[in-house]
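Please read them with the structure open beside you.

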Amino acid sequence: MTVVALFALDGVPAPQLSTPALLFGAASRTFYRRPPYELRVCAAQGTIATAPPGPLRITPERGLDGLADAGTVLVTGYGDCPGPPPPDVLDALRAAADRGARVATIGTGTFALAATGLLDGRRATTAWSHAPELARRHPRIEVELADWPVADGQFLTSAGVLGGKDVCVRIIEEDHGKEAALEADRQLFLMLPNPSDALRATSPTPHAPHAPHAPATEPPSENSPPPEPTPLTPLTPTTTWLESNLHRPLTLTDIAAHANTSVRSLNRSFRVHTGLTPLQYLLRARVRHAQWLLEHTDTPVEQIPTRTGLGTPANLRHHFQRLNGTTPTAYRTAFRTLVALFAPPPAPK
């Protein structure tokens, strides 16, 4: 499991706590059979206050010890052109860097990292309005005015836009690739409901009629990721098989036969390990694969029902809108607009 220690300093803007939690949480739900993130909120004292207006008292779950085994230490901002944090904080940041951890900052968190001396001779950025003061205090740092995070070695600094969204997305991309980063970004900004939550809310019975299917054609590409896999469980062979056979007209009997169990035991096992019935899980997987096709391919919307096993365009629209609150066409347009809006500029040649 990848540990990210979100190190919060007194006076942290509240969005710099919530945005990383939302993004790393979203990323953890999209990793394809890979370990998710463990996000720890750490601080040097027992309680900290967020920045005004409406300051909140926060009790972090860990102290400085939470940085000891973190693969990434993410330092929040803490006021306008703040002074250096206490010596024990500086020592903890130096120790994290010495053992090879990636150290990243949000906004004025760069001032804390700069106070350790670790950025001397390196490129770094902070909030644009504070960049001149950072350069004045630390003339050995090459301060840049940047819209996107600035990486130099194991250090990653950012202007803190939108609560640190940019640096969190960059970390996810470095760890798990562009696709996982875009998916986390999509979940944060489109705020689409989780299909599994919608399925639990509707809660059809195991014997309820399911969507009719079109005749099977070619199965999804081997390069297509599974829709949103569950953690490894005794059901993993069955869920993996389901996800690779979404195009087929599967029934409860088919699924039970593959699992070598009775329909009753199959229902019970799915409930225990996924919170869903087999048919709920199957529908959720089909809608998630439809989402993936809309996001990452140019497959015409009319062909997606056949590729996903949803049968007809009417069934696709019905289930997609019920679980996502929008139509497939609107979803594709919104996703591509989001990607274009937040994609970093191409690197200079």
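Predicted model: local features only at pLDDT ≥ 70, side-chain atom pairs only at ≥ 80, totals over all residues.

1. A word on angles comes before anything else.

2. The protein has 349 residues, and 50% of them count as buried. The chain forms 14 helices and 10 strands. Take the contacts between residues at least 6 apart in sequence: 68% of these join residues at least 24 apart.

3. Which strands make up the open sheet, and in what order? There are six, in the order β2-β1-β5-β6-β10-β9, and the pairing is mixed. β2 (37-42) and β9 (150-152) are the edge strands, and each has a single partner, so one side of each is left without a neighbour in the sheet. From one strand to the next, the twist averages 20 degrees.

4. One pairing can be followed in detail. Strand β1, residues 2-7, pairs with β2 in the parallel sense, over six bridges. Within this pair, V3 is opposite E38 of β2.

5. T72 belongs to strand β5. Is T72 buried or exposed? Its relative accessibility is 0%, so T72 counts as buried. Leaving out residues up to four places away in sequence, T72 touches V3, V4, A5, R102 and I171. The side chains of T72 and R102 make a polar contact at 2.7 Å. T72 and L39 are 33 residues apart along the chain, and their C-alpha atoms are separated by 9.7 Å.

6. A26 sits in helix α1. Its relative accessibility is 3%, and A26 therefore counts as buried. What does A26 touch, once residues up to four places away in sequence are not counted? The residues are A184 and Q187. A26 and D185 are 159 residues apart along the chain, yet 8.2 Å separates their C-alpha atoms.

7. With a relative accessible area of 19%, D152 is buried, because the cut-off for buried is under 20%. Leaving aside neighbours within four places in sequence, D152 is in contact with R122 and R123. A polar atom of the D152 side chain lies 2.9 Å from the backbone nitrogen of R123.

8. Helix α13 covers residues 313-324, which is 12 residues. From its first C-alpha to its last, α13 reaches 16 Å, close to the 16 Å expected at 1.5 Å a residue. Its buried residues are N315, L316, H319, F320, L323 and N324. Where do these buried residues fall when α13 is seen down its axis? They fall within an arc of 120 degrees, so they line one face of the helix. The general rule behind this is that an α-helix has 3.6 residues a turn, so residues three or four places apart point the same way. After α13 comes G325, with a positive phi near 75 degrees.

9. Some backbone details in the loops are worth checking by eye. P52 and P53 are joined by a cis peptide bond, with omega about 0 degrees. P53 is in the loop between β3 (48-49) and β4 (57-58).

10. C81 is not a glycine, but its phi is positive, at about 45 degrees. This residue lies in the loop between β5 and α2 (87-98). C81 counts as partly exposed, at 23% relative accessibility.

11. N260 also needs a look: its phi is positive, about 55 degrees, although N260 is not a glycine. N260 is in the loop between α9 (252-259) and α10 (263-274). At 71% relative accessibility, N260 counts as exposed.

Conventions: Residues numbered from 1 in each chain as written. Heavy atoms only, no water. Pairing = 2+ DSSP bridges. Helix = DSSP H or I, 4+ residues; strand = E, 2+ residues; numbered from the N terminus. Axes fitted to C-alpha atoms, helices over the stretch in contact; angles between N-to-C directions. Buried < 20%, exposed > 50% of the residue type's maximum accessible area, 1.4 Å probe, protein only. Polar contact = N/O pair within 3.5 Å; in protein donor to acceptor, adjacent residues only side chain to side chain. Contact = heavy atoms within 4.5 Å. Expected span 1.5 Å × (residues − 1). Arc of directions from axis to C-beta.
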